[in-house]
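Subject: A structure for you to look at

Hi,

Here is the structure I promised to send over. Please open it next to this email, and then read on for what turned up in it.

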Amino acid sequence: MKKISILYPNRAGARFDFAYYLDSHMPLSIARLSAHPGYRGVSVERGLSGAVPGSEPAYVAMCHFLFESVDDFLAAFMPHAAELQGDMPNYTDIEPAIQLNDVLISA
């Protein structure tokens, strides 16, 4: 199993519209990517704080897609890349960090 993490770093003055992201962008993303047979799921998280209660979180938001393989993710994403990336200005001005992960344990 592979996890594709899209991490939106928390920085002063950054804009992230959770209402648009949850109500418009993610349903669009899920509709496009879940059509691929290698799709296994998605989760979206909002940063609450850092390790010290009340401190700023490192990431304002995180999205994690699960696919059987990186090739499955690329096959699902690439035909829709322009559309999905083109929608980003509607919810954020943050340049996300993207990381591909090999899931070793999932309980």
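A word on exposure before we start: a residue is called buried under 20% relative accessible area, exposed over 50%, and partly exposed in between, using a 1.4 Å probe and protein chains only. By that rule, Ala 14 is partly exposed, since its relative accessible area is 29%.

Please keep in mind that this is a predicted model, in which local features need pLDDT of at least 70 and side-chain atom pairs count only at pLDDT 80 or more, while totals for chains, interfaces and linings use all residues. Residues are numbered from 1 along each chain as its sequence is written, and side-chain values use heavy atoms, with hydrogens and water left out.

Where does Ala 14 sit? You will find Ala 14 in the loop between strand S1 (2-9) and helix H1 (18-33). Helices (H or I, at least four residues) and strands (E, at least two) are DSSP runs, numbered from the N terminus. If we set aside neighbours within four places in sequence, Ala 14 is in contact with Asp 93 and Ile 94, where contact means heavy atoms within 4.5 Å. Ala 14 and Asp 93 are 79 residues apart in sequence, yet their C-alpha atoms are 6.4 Å apart in space.

Asp 93 also takes part in a salt bridge: its side chain meets that of Arg 11 (3.8 Å, N to O). Arg 11 is in the loop between S1 and H1 and Asp 93 is in the loop between helix H3 (81-86) and S4, so this pair ties together parts that are 82 residues apart in sequence. Both residues are partly exposed, Arg 11 at 39% relative accessibility and Asp 93 at 40%.

What counts as a salt bridge? The rule is a side-chain nitrogen of Lys or Arg within 4 Å of a carboxyl oxygen of Asp or Glu. Side chains of opposite charge can pair when their charged atoms come close.

How many salt bridges does the structure hold? There are four. Another of them joins the side chains of Asp 102 and Lys 2 (2.7 Å, N to O). Asp 102 belongs to strand S4 (residues 97-102) and Lys 2 to strand S1, so the pair links parts that are 100 residues apart in sequence. Lys 2 is partly exposed at 22%, and so is Asp 102 at 47%.

Glu 68 and Arg 40 also form a salt bridge through their side chains (3.0 Å, N to O).

Happy exploring!
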